[in-house]
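This briefing covers a pair of helices and a set of strands. Look at the structure below, then read the points under each heading.

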Amino acid sequence: MTENLSQAKEVPGLGNFRKSFFPRAAPGQALLGVAIFSAFMAVVEFVSALSKYFKPPSTVLSDSYRQDSIMIAAILSLIFFLLTIIMCALYYVHKKHRVDLFDGGVVIVTWRGSITFDWENIYDFEAMPIYGRSTRPINWEYTLTRDDDVKAKFRGLEGLRTLGNYIEKKVS
């Protein structure tokens, strides 16, 4: 099983596979939770709009009130549906991001594809701390630049500081 995993991650010219760094779980769980809630609310509002539409007009309230409530429920259903699609897309982007570490370099994988960085071809490495409400960094953003001016940024990974320290040692 481990042989198949290492063969699947074999990249020519980078040597042996060492480790993969995957995205932190909490942001993905939050995105997925919001997507599920939004999908539920889209269904609730759509059912509400349908029930108001098929309900006979009230003798006490005017018909414009009924039409307005149908329109509001339909618009809210559409908004929640669009929010569901956006959250699912963000969740997909989040889950597809990872950094694979090899003896000869790193491969940064995103939903768009992957970029390979050999240790010899990296000419610039930047580490920028991201601060929350304190003076202590809560995250880091790393930027790698190759000799041909191809840049790649990554952040929000499990064990990111360890990866950053390793890359800094190899690049220096």
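A hairpin connects strand β2 to strand β3 through two residues. The model shown here is predicted.

**Strand β2 and its partners**

- Strand β3 covers residues 105-110, and four bridges join β2 to β3. These two strands run antiparallel.
- Within this pairing, Asp100 stands opposite Val107 in β3.
- Strand β1, made up of residues 17-21, also pairs with β2. The β1 and β2 pairing is antiparallel and has four bridges.
- Lys19 is placed opposite Leu101 in β2.

**Burial of β2**

- Strand β2 spans residues 98-102, and four of its five residues are buried. Buried here means under 20% relative accessible area.
- Because four of the five residues are buried, β2 is largely enclosed by the rest of the structure.
- As a general point, the side chains of a regular strand alternate between the two faces of the sheet.

**Helices α2 and α3**

- Helix α2 takes in residues 25-54 and helix α3 takes in residues 63-96. Their axes come within 7 Å and cross at roughly 160 degrees.
- Angles over 145 degrees count as roughly antiparallel, so α2 is roughly antiparallel to α3.
- The crossing of α2 past α3 is left-handed.
- The residues in the contact of α2 with α3 comprise 22 nonpolar, seven polar and three charged.

Notes. Residues numbered from 1 in each chain as written. Predicted model: local features only at pLDDT ≥ 70, side-chain atom pairs only at ≥ 80, totals over all residues. Heavy atoms only, no water. Axes fitted to C-alpha atoms, helices over the stretch in contact; angles between N-to-C directions. Parallel < 35°, antiparallel > 145°, perpendicular 65-115°, else oblique. Left-handed = near helix turned anticlockwise from the far one by under 90°. Nonpolar A, V, L, I, M, F, W, Y, C, P; charged D, E, K, R; others polar. Buried < 20%, exposed > 50% of the residue type's maximum accessible area, 1.4 Å probe, protein only. Pairing = 2+ DSSP bridges.
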